[in-house]
Amino acid sequence: MKGQIKVAKRRVVMASLYLGTGPLEQELVDCLESTLEKSLQAKFPSDLKVSILLDFTRGSRGRKNSRTMLLPLLQRFPEQVRVSLFHTPNLRGLLRLLIPERFNETIGLQHIKVYLFDNNVILSGANLSDSYFTNRQDRYVFLQDCPEIADFFTELVDAVGDVSLQLQGDDTVQVVEGMVHPYKGDRAAYCRAANKRVMDVINSARARQQVLHAQTFHGNSLLTQEDAAAAGDRRPAPDTWIYPLIQMKPFEIQIDEIVTETLLTEAERGAKVYLTTGYFNLTQAYMDLVLGTRAEYQILLASPEVNGFFGAKGVAGAIPAAYVHIERQFFSEVCSLGQQERVQLQEYWRRGWTFHAKGLWLYLAGSSLPCLTLIGSPNFGYRSVHRDLEAQIAIVTESRALQQQLHQEQEQLYLRSGVVSSATFEQPSRQVKLWVKMVTPLIKNFF
């Protein structure tokens, strides 16, 4: 990321849940600062713009936080830097006054993770924090020289930024002029405005895509790769397609949910789906599809020791046990339906690491390589579908080289896992306290 920031000329766009406050995160901020500095000193001052989108509640947590990390940039380069803090419209009124810090984050978050430098894009589930830069297992895809994807995500972050609170140089926040306030204004009016702003981006991208598709497949320009090479044409028929999938249920936008459900529904007998999530808490709809369809599933999740909440203080320390309880219930259901051959659970374990990787790989019947992967921020849980703002991409490819890379990525992750059996839940570390079992059904939609 630092390498990309250093050579960025036009735009740096970052969307994350939060920016950490350690030395590695400070290096990232320093890197932005020196690139902005250079852009001003250049012979022909560049129009480099930096846009950062974070979550308001998570980014404001504690005295030293994401906001205080970014204030120096805002103060020095007010014309070039924008920091937007998304505040869910569902946290308002008495609820907002009464729920303490940390707990207020359960109501809804800005969860998109996109890191973009000119026309290069990193899509991930990872946040801008030291553990992700060191010993937290996640997934990343780096799309180089993809102006269409870069433009789309720039516009998307701009749109969410416009309906978010704007950080000012004195650490206060303001609403964009003419915009409804996310928690002081009328909730329905705010959500309507936000839906319109984001859907305008999605619809204009769709329109551009249709034009491009028509030119590629229905114009005279459609050549086979051999013909194109012979004619010296540099644009052969594409072998890989990338579809951005957006989920913002508070604004009634649920493209990712519809596509994921369609994928799980359509996966046929003989097909294999590898699904991974750092937090195993599938929605009822996704669970029903996994248990009721024909494809084979291998689901990778975090063992309690590599759960990000393992060893946390207070109530948060019980979260890994709650996930064990949810996992056990799902495993029991698989067994009672006699589906153990078709649906397999695997737990990731790596000494000194935590696990946060999420996504899906689809292998068609008879194929040893995947033709599709989903990668991005959603965890396939209730929060991802109903509460948070999420984005991922579906990469569909006929390129054997890319299929092999995706297969290798999947294998590397699953290599560090063990298969879950009834014996797994008999281990002393898997004993779940009665109060956790009783509370889990009440709180599972919040984590």
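**Helix α12 on its sheet**

I started with α12 (residues 319-336), which lies across β13 (296-302) and β14 (343-348) and runs at about 155° to β14. This is a predicted model, in which local features need pLDDT of at least 70 and side-chain atom pairs count only at pLDDT 80 or more, while totals for chains, interfaces and linings use all residues. Residues are numbered from 1 along each chain as its sequence is written, and side-chain values use heavy atoms, with hydrogens and water left out.

My conventions, noted once: helices (H or I, at least four residues) and strands (E, at least two) are DSSP runs, numbered from the N terminus. Axes are lines fitted to C-alpha atoms, for helices over the stretch in contact, and angles run from 0 to 180 degrees between N-to-C directions. Contact means heavy atoms within 4.5 Å.

I then looked up α14 (residues 400-415), which packs on the sheet and touches β10 (240-248), β12, β13, β14, β16, β17 (372-376), β18 (389-397) and β19. The direction of α14 makes about 120° with that of β16.

**The nine-strand sheet**

I traced an open sheet of nine strands in the order β11-β10-β18-β17-β16-β12-β13-β14-β19, with mixed pairing. Two strands pair if DSSP finds at least two bridges between them. β11 (253-254) and β19 (417-419) are at the edges with a single partner strand each, so one side of each has no neighbour in the sheet.

Inside it, I checked β12 (residues 272-277) against β16 (residues 359-363): they pair in the antiparallel sense over five bridges. Val273 has Leu362 in β16 as its bridge partner.

**α10 and α11**

Next I took α10 (residues 255-266) and α11 (residues 284-292), which pack at about 15° with axes 9 Å apart. They are therefore roughly parallel to each other, a label for angles under 35 degrees. The crossing of α10 past α11 is left-handed, meaning that the near helix is turned anticlockwise from the far one by less than a right angle.

From α10, I listed Asp256, Glu257, Thr260, Glu261, Leu264 and Thr265; they meet Ala285, Tyr286 and Leu289 of α11. That contact divides into four nonpolar, two polar and three charged residues. Here Ala, Val, Leu, Ile, Met, Phe, Trp, Tyr, Cys and Pro count as nonpolar, Asp, Glu, Lys and Arg as charged, and the others, Gly among them, as polar.

**The eight-strand sheet**

I found another open sheet, of eight strands ordered β7-β5-β4-β1-β2-β3-β8-β9, also with mixed pairing. The twist averages 20° from one strand to the next.

β1 (residues 11-15) and β4 (residues 114-117) pair in the antiparallel sense over four bridges, and Phe117 in β4 is the bridge partner of Val12. On this sheet packs α7 (residues 147-162), at about 60° to the direction of β1. I also see α4 lying across β2 (49-55), β3 (81-86), β8 (165-167) and β9, at about 155° to β3.

**α2 against α4**

The axes of α2 (residues 23-41) and α4 (residues 66-76) come within 10 Å and cross at roughly 10°, so this pair is roughly parallel too. On the α2 side I noted Glu25, Gln26, Val29, Leu32, Glu33, Leu36 and Glu37, meeting Met69, Leu70, Leu73 and Arg76 in α4. I get six nonpolar, one polar and four charged residues for this contact.

Conventions: Parallel < 35°, antiparallel > 145°, perpendicular 65-115°, else oblique.
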